[in-house]
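Have a look at the sequence and the model below before reading on.

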Amino acid sequence: MQPSAGEQESITMPELRTPVLVVGAGPAGCVLALELAHHGVPSMVVERTSRPPRHPELNLVSGRGMELLRRLGLAERLRAVGIDPDSPPSVVWSRAIDQPPVLVTPVPSANELRRRYARDTNGSAPVEPYVLLSGSDLATRLREVVRDHQLIDLREGWTFTDLRLEPGRTVATVVDGSARTRHLIEAEYLAGCDGAQSTVRRCLGVPLEDAITPAHHCTVYFRSESLAHPFPAPSTIIADGMALTRRGGSDLWIGHLPLDRGDTAVTDPVALLQRRLGISVEISQIEGVTQWDEALGIARNYQRGTAYLVGQSAHRFHPPSDTVDTCLGDAVDLGWKLAAALRRWGGPGLLGSYEGERRQRAVLEREMLSRSLEARYRFGRLVASGASRDDLADVLRDEPPQMDPAGIAPSGEYATSSVVWRDNPAPPVATTRPGARLPAVRLTGGRQLFDLLGPQFTLLDLTERQDGRCLVEVARRRKIPMTHLSLTDAALRADWQSRLLLVRPDQHVAWRANEPPSDWDGVLDVVTGHRPQDHVNT
């Protein structure tokens with residue numbers, strides 16, 4: 001006699017085991033699993049959907065985001081499905097959708113920025129320009145790589161339902177939808193990468209701390225050939241509280257629309273669009289509707305026991321397409337630190353630094369998003385007050401840009417991190433200060449410095465006698481993986497006064513000095529999280 005569907009759902013299979021269980025195969029979950037594999041650590045990824053979701057909205061992966069993905073061999077895969085690199089996007093500010101623009105803010109195309117970056121001599125520009133691609137293409141390409149990787153066990157159609165924190169491990173309950181079986185998965189570490197409505201976050205009892213009073217919005221994906229748009233795609237029109245974006249080479253539009261208090265459920269998106277646009281537009285098809293609250297929430301904690309929150313599970317920003325970089329940064333940061341813990345060379349402070357580094361980054365990202373949103377609200381208020389076109393344009397020119405193609409700013413540094421050796425006093429060259437991204441210089445002969453870095457720590461040695469070699473040997477005796485990279489580039493030696501730089505796997509500087517320190521073991525203790533820095537002796 002065959003068991004019923006309900007009986008089959010109650011069947012619990014023998015417990016599975018994995019070093020790291022990743023919940024969610026979105027961009028954050030896929031990159032986390034690939035970062036672990038980059039360091040030789042196997043993982044299991046459970047994802048409730050059997051195929052990537054359809055997200056036609058354009059996602060910005062900035063130059064800095066592409067640098068991180070380049071380390072994993074992903075940059076060209078994603079660029080192959082991005083929009084035309086010769087198409088320059090723009091932001092169009094207008095009083096209304098049918099009125100002339102107040103101001104058009106162009107963004108250089110990816111290929112134009114590539115040419116500019118090639119002329120950069122101090123390493124402040126990214127190695128790669130940005131890419132714009134649809135959320136579905138981003139998710140599909142990343143999941144393809146994860147599915148084919150021998151160190152990653154991807155279980156699609158498996159839904160995470162609960163977890164139990166125990167000393168030194170997390171036990172998760174997961175349901176296989178196709179076989180209707182329940183599995184217990186024991187993991188040394190669990191990473192919740194399951195999005196803004198995170199089940200992992202709910203199970204951990206971690207609240208979100210909102211920055212603003214939630215405002216109700218919806219995103220409508222629709223097709224219209226009659227909607228006039230004189231600017232080349234991809235462009236974003238900001239008008240009357242809305243943001244409208246048209247995908248290049250198609251009639252697909254994405255509209256982010258504010259909802260009135262009475263609009264608790266969008267039952268007629270066509271009528272909503274007609275009302276918000278204020279003009280008669282023929283809408284041929286509605287591709288999808290998503291309702292969301294704009295509250296800019298950040299999880300109070302990123303860690304409980306051996307479970308961690310990553311990406312949108314840790315910070316709920318909308319639209320998520322604007323904050324892909326933050327999710328990628330979370331995944332890379334936690335990935336190499338989990339690998340260090342599992343390989344037993346990372347101390348407890350190294351994993352503990354994940355929350356400090358990445359939550360601070362999320363707070364800074366939230367502030368920038370708040371300023372961007374306030375610029376839109378202020379523009380709307382000024383339009384309603386009858387401000388002239390010239391006055392509106394003057395105000396907009398003083399506002400921060402709505403798009404950051406480089407993704408490199410001081411806010412991305414980890415200067416206060418507990419696993420960065422702080423200078424005191426700091427050498428005069430600020431670009432290589434501990435916590436900062438290493439300058440991405442192009443060496444004599446055209447080689448990219450970033451492409452020469454090892455997968456773990458790298459000691460850059462600009463000394464005449466390769467003084468760093470003995471430091472690397474000490475690290476290796478302590479089982480700390482470290483690459484010794486001796487550089488004889490004359491221009492680099494002239495620009496950088498520090499002759500020795502220790503670079504982390506995420507391309508951030510962990511320590512620098514002009515000569516071997518008197519307490520190298522002490523430096524290693526700090527940067528690997530075995531103890532905090534209690535003195536300065538470089």
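## Charge pairs

Glutamate 166 is partly exposed, at a relative accessible area of 22% (partly exposed sits between buried, under 20%, and exposed, over 50%, with a 1.4 Å probe and protein chains only). A quick note on ground rules: this is a predicted model, where local features need pLDDT of at least 70 and side-chain atom pairs count only at pLDDT 80 or more, while totals for chains, interfaces and linings use all residues. Residues are numbered from 1 along each chain as its sequence is written, and side-chain values use heavy atoms, with hydrogens and water left out.

Glutamate 166 pairs up with arginine 164 in a salt bridge, their closest N and O atoms sitting 2.6 Å apart (a salt bridge needs a side-chain nitrogen of Lys or Arg within 4 Å of a carboxyl oxygen of Asp or Glu). Arginine 164 is partly exposed too, with 40% relative accessible area. Both belong to a salt-bridge network that links Glu15, Arg17, Arg164, Glu166, Arg169 and Glu186. Over the structure, the salt-bridge count comes to 42.

## One pair inside, one pair further out

Aspartate 333 and arginine 504 also form a salt bridge, at 3.7 Å from N to O. Aspartate 333 sits in helix 9 (residues 324-342), while arginine 504 is in the loop between strand 23 (500-503) and strand 24 (509-513), so this pair ties together parts that are 171 residues apart in sequence. For the record, helices (H or I, at least four residues) and strands (E, at least two) are DSSP runs numbered from the N terminus. Both aspartate 333 and arginine 504 are buried.

Now for aspartate 394, which bridges to arginine 397 with the closest N and O atoms 3.1 Å apart. These two are three residues apart in helix 11 (residues 389-397), which means that about one helical turn separates them. Aspartate 394 is partly exposed at 43%, and arginine 397 counts as exposed at 54%.

## Cysteines

How many disulfides does a search of the whole structure find? The search comes back with zero, the criterion being a pair of cysteine sulfur atoms within 2.5 Å. Take cysteine 203: its sulfur is 15 Å from the closest cysteine sulfur, that of cysteine 193, which is too far for a bond. Cysteine 327 also has cysteine 193 as its closest sulfur partner, at 9.2 Å, again too far for a bond. Cysteine 203 is partly exposed at 24%, whereas cysteine 327 is buried at 7%.

## Nonpolar cores

The largest nonpolar core has 73 residues, and Leu21, Leu32, Leu190, Val310 and Leu334 have the most contacts inside it. Helix 9 gives the most to this core, namely ten residues. Apart from it there's another core, of 24 residues, including Phe457, Leu500, Ala513 and Val527. A core here is a set of buried Ala, Val, Leu, Ile, Met, Phe, Trp, Tyr and Cys residues joined through side-chain atoms within 4.5 Å.

Leucine 32 touches Val22, Ala191, Cys193, Val310, Ala331, Leu334 and Gly335, leaving out residues up to four places away in sequence (contact being heavy atoms within 4.5 Å).

Strand 12 (residues 215-223) runs antiparallel to strand 16, and nine bridges join them; arginine 223 has glutamine 285 of strand 16 as its bridge partner.

Axes are lines fitted to C-alpha atoms, for helices over the stretch in contact, and angles run from 0 to 180 degrees between N-to-C directions.

Another open sheet has four strands, ordered 22-21-23-24, with mixed pairing. Strand 22 (482-486) and strand 24 are its edges, each pairing on one side only. Strand 21 (residues 457-461) and strand 23 run antiparallel and are joined by four bridges, and leucine 460 has leucine 501 as its bridge partner in strand 23. Helix 12 (residues 468-477) lies across strand 21, strand 22, strand 23 and strand 24, at about 175° to strand 22.

Terms used: Two strands pair if DSSP finds at least two bridges between them.
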